[in-house]
Amino acid sequence: MATGVYEATKKDGTHYYRANIHYRSKHISLGSYPTFDDANAVYMQARELLNDTGATLPEAFSLYDKVPFEKAVILLNYRDNGMYLGTPIYLQSGRYFIYYLSPEVELKFDNDDLFYYSSHKILQRGGHLYTNDYGMQVSLLSRYGIKNYAVAGTDYEFVNGDCHDFRYENIRNINPYYGVSRLNENGRVSYLARIHINGNYQIGIYASETDAAIAYNKAVDLAKRAGIDRNYPTNYIAGLSASDYADIYTRVKVSKSYREYLISR
């Protein structure tokens with residue numbers, strides 16, 4: 001058997017081949033393959049890739065196309081940066097790293113997130129990016145305080161226009177609260193609060209984001225008292241004392257049409 005290729009057997013008796021490479025005192029798995037030739041081709045290219053100091057990403061994906069692209073990223077990052085990571089991350093100068101979602105798609109993150117993404121694989125379903133965390137799907141955007149229902153351009157935006165740049169300075173959370181939307185009419189900013197009950201019901205328009213967020217909470221409380229059995233999320237207002245919250249809660253008004261709807265149900 002060639003160096004780096006090992007025969008193995010599945011529980012049903014089927015034979016397959018594992019490819020591995022030893023580099024800088026580390027034993028690195030290159031994956032499992034149905035035939036010896038497949039596993040050997042991957043091993044040979046991986047060895048060439050590590051020795052080819054001129055090979056860089058993403059060009060190396062096409063030059064060494066037998067090596068799975070994730071493994072290619074891992075190998076080159078270990079070769080160039082001396083750090084072995086289990087996910088397709090390549091460290092960059094300038095306090096950020098690239099996570100290769102595919103050979104064509106590069107996601108940028110601050111180094112503050114390196115520990116998390118080195119142990120959490122990023123997955124994609126449609127346009128939704130997420131990780132699996134303790135058995136739950138966690139949206140990448142949730143790490144920035146952006147809610148699952150948020151709409152790009154309305155509730156949040158990528159400052160430089162690059163939707164693959166997840167560095168903190170590049171993401172602006174426009175509407176951080178449930179049920180609240182920012183309005184801008186002729187330069188005058190206000191905040192619309194709505195709640196969804198068989199359609200959207202307007203709670204009111206408010207001068208401050210905090211008032212709108214608390215008005216939404218008040219609308220949720222009224223809905224529960226009216227017998228609407230839904231698990232509505234509510235807004236937590238950081239930095240607001242209990243007494244200040246209570247004062248705003250008492251002061252903010254909920255639209256007459258919404259209150260009449262609750263009574264007429």
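Let's start with one pair of side chains. Lysine 256 and glutamate 260 meet in a salt bridge, at 3.9 Å from N to O. Keep in mind that this is a predicted model. Where does the pair sit? Both residues are in helix α7, which covers residues 256–264. They are four residues apart there, so about one helical turn separates them. Now accessibility. Lysine 256 counts as exposed, at 56% relative accessibility. Glutamate 260 is partly exposed, with a relative accessible area of 43%.

How many salt bridges are there by this rule? The count comes to seven. I'll show two others.

Take glutamate 70 and lysine 121. Their side chains meet in a salt bridge at 2.4 Å, N to O. Glutamate 70 belongs to helix α3, while lysine 121 is in the loop between α4 (114–119) and β7 (123–125), so this pair ties together parts that lie 51 residues apart in sequence. Is glutamate 70 buried, exposed or partly exposed? It is partly exposed, at 27% relative accessible area. Lysine 121 is partly exposed too, with 37%.

Next, arginine 143 and aspartate 113. This salt bridge has an N to O distance of 2.8 Å. Arginine 143 sits in the loop between β9 (136–139) and β10 (156–158), and aspartate 113 in the loop between β6 and α4, so the parts tied together are 30 residues apart in sequence. Look at the accessibilities here. Arginine 143 is partly exposed at 31%. Aspartate 113 has 2% relative accessibility, and buried means under 20%, so aspartate 113 counts as buried.

Back to helix α3, the one with glutamate 70. The crossing is right-handed. Which residues make the contact? From α1 come Ala46, Leu49 and Leu50. From α3 come Ala72, Leu75, Leu76 and Arg79. By type, that gives six nonpolar residues, no polar ones and one charged.

Find tyrosine 90 on screen. Opposite it, in β5, stands isoleucine 98.

Last stop: another open sheet of three strands. Its order is β12-β13-β14, again with antiparallel pairing. The edge strands are β12 (180–185) and β14 (200–206), and each pairs on one side only. Neighbouring strands are turned by 30° against each other on average, direction ignored. Between β13 (residues 188–196) and β14 there are six bridges, in the antiparallel sense. Here tyrosine 191 stands opposite tyrosine 206 of β14. And what packs on this sheet? Helix α5, residues 209–225, touches β12, β13 and β14. The direction of α5 makes about 15° with that of β13.

Conventions. Residues are numbered from 1 along each chain as its sequence is written. This is a predicted model: local features need pLDDT of at least 70, side-chain atom pairs count only at pLDDT 80 or more; totals for chains, interfaces and linings use all residues. Side-chain values use heavy atoms; hydrogens and water are left out. Two strands pair if DSSP finds at least two bridges between them. Helices (H or I, at least four residues) and strands (E, at least two) are DSSP runs, numbered from the N terminus. A salt bridge is a side-chain nitrogen of Lys or Arg within 4 Å of a carboxyl oxygen of Asp or Glu. Buried means under 20% relative accessible area, exposed over 50%, partly exposed in between (1.4 Å probe, protein chains only). A crossing is left-handed if the near helix is turned anticlockwise from the far one by less than a right angle, and right-handed if clockwise. Contact means heavy atoms within 4.5 Å. Ala, Val, Leu, Ile, Met, Phe, Trp, Tyr, Cys and Pro count as nonpolar, Asp, Glu, Lys and Arg as charged, and the others, Gly among them, as polar. Axes are lines fitted to C-alpha atoms, for helices over the stretch in contact, and angles run from 0 to 180 degrees between N-to-C directions.
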